Amino acid sequence: MLIAVASVKGAPGVTTLALGLAALWPELGAVLVECDPDGGDLAARFGHHPDPGLASLAAAARTGLTQVPLAEHVQRLAVGANVVLAPPGDGAAAAVQTLTYSGGETLRRAGDDQPVVVDLGRLSRGGPGLALAAVADHVLVVAGAQLADATQVQARLEWLRPELSGRLWLVRAGDGGYSSTELARDLGVPVLWDLPHSRLGAGALTGQLRVPNWRRLKLARAVRGMATTLTTAQPASILPEFDPARQLAVRPVVEGRHR
Ligand SMILES: Nc1ncnc2c1ncn2[C@@H]1O[C@H](COP(=O)(O)OP(=O)(O)OP(=O)(O)O)[C@@H](O)[C@H]1O
Ligand SMILES: [Mg+2]
């Protein structure tokens, strides 16, 4: 299974969630591939060298091999996740671009063999991240729940929906603002889960804090819940057909209420 995690603006916690999914995925063999064209963060956060990683994976993909095993490019992070680390800065963009060749075949095939989570950073119209999202089984767009966050997502649905129809989910990050029900109704996109604000959980997943029991925190429980939903539910039963007539304008929320 191939799971893409992305945002459309800001830094709502994509890398943190993607790493949590790889660490807590209920099936064996999960790998996170850092594919943010703006550069990877996890090597610096966990004190690793980014090679082997995305650059070596892209180089292997460029040779035209039909099957490129991820194992040779994976590093094990202290938080308990296997990750293909991206270099920081511009170096990542060329490697991400290479992985879009042949319709994202390298990642798609890897996802046939094992659970693969891909951190795509911020999606942009026509960008390489969108091309990789298009081959994923599920695409999780992480966004805050304030009016400004919702309108940023809504403004991009025109090109997100045709590419990702039937596989697009919102993950509502943080507290306050729109409820999941309101977001799903007003944007016409199902909300997979609420990602709670958790200083300790995020601290563990960004390598900033040593939290031995982080897998029991509310953030980890939410991440596990998402993974279980994605692995056990039939897409047809959890993703309602989008009816454009149901999409309403996003309405301002004041103290939790629309007006
Ligand atoms: N659920 C959370 N609760 C509290 N803090 C969080 C949570 N998720 C992320 N953070 C914090 O927010 C900051 C940004 O997180 P992260 O790097 O995951 O965002 P991102 O969306 O990947 O950003 P970018 O687009 O810059 O890559 C980090 O300092 C992290 O600790
Ligand atoms: Mg990130």
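The axes of H3, residues 54–62, and H4, residues 91–113, come within 9 Å and cross at roughly 40 degrees. Axes here are lines fitted to C-alpha atoms, for helices over the stretch in contact, and angles run from 0 to 180 degrees between N-to-C directions. Helices (H or I, at least four residues) and strands (E, at least two) are DSSP runs, numbered from the N terminus.

A quick word on what you're looking at. This is a predicted model, where local features need pLDDT of at least 70, side-chain atom pairs count only at pLDDT 80 or more, and totals for chains, interfaces and linings use all residues. Residues are numbered from 1 along each chain as its sequence is written, and chains are lettered from A and ligands numbered from 1 in the order in which they are written.

Back to our pair. The crossing of H3 and H4 is left-handed; left-handed is when the near helix is turned anticlockwise from the far one by less than a right angle, and right-handed when clockwise. On the H3 side, the contact uses Leu54, Ala55, Ala58, Ala61 and Arg62, and H4 brings Gly91, Ala92, Ala95, Thr98, Leu99 and Thr106. Contact means that two C-beta atoms, placed from the backbone, lie within 7 Å. By class, that is 7 nonpolar, 3 polar and 1 charged residues. Ala, Val, Leu, Ile, Met, Phe, Trp, Tyr, Cys and Pro count as nonpolar, Asp, Glu, Lys and Arg as charged, and the others, Gly among them, as polar.

Ser102, found in helix H4, has a positive phi of about 55 degrees although it is not a glycine. And the peptide bond from Asp51 to Pro52 is cis, with omega near 5 degrees; Pro52 lies in the loop between helix H2 (42–46) and H3.

Now, the sheet. Picture an open sheet of 8 strands with mixed pairing, in the order E3-E4-E2-E5-E1-E6-E7-E8; strands pair if DSSP finds at least two bridges between them. The edges are E3 (75–77) and E8 (191–195), each pairing on one side only. E3 and E4 (residues 81–84) pair in the antiparallel sense over 3 bridges, and Arg76 has Asn82 in E4 as its bridge partner.

Which helix lies across E1, E2, E4, E5, E6, E7 and E8? That's H1, running at about 180 degrees to E5. H1 also packs with H10 (residues 218–232) at about 70 degrees, axes 9 Å apart, which makes the two roughly perpendicular. Leu17, Gly20, Leu21 and Leu24 of H1 meet Leu219, Ala220, Val223, Arg224, Met226 and Ala227 of H10. Those residues divide into 8 nonpolar, 1 polar and 1 charged.

Finally, ligand 1. Of the 18 residues around ligand 1, Ala11, Gly13, Thr15, Thr16 and Ala202 come nearest, where "around" asks for a C-beta atom, placed from the backbone, within 6 Å. H1 (14–24), E5 (116–122) and H9 (199–205) each give two or more residues to the shell, with H1 giving the largest share, 3 residues. By class, the shell has 6 nonpolar, 8 polar and 4 charged residues.

Note on methods:
Angles under 35 degrees count as roughly parallel, over 145 as roughly antiparallel, 65 to 115 as roughly perpendicular and the rest as oblique.
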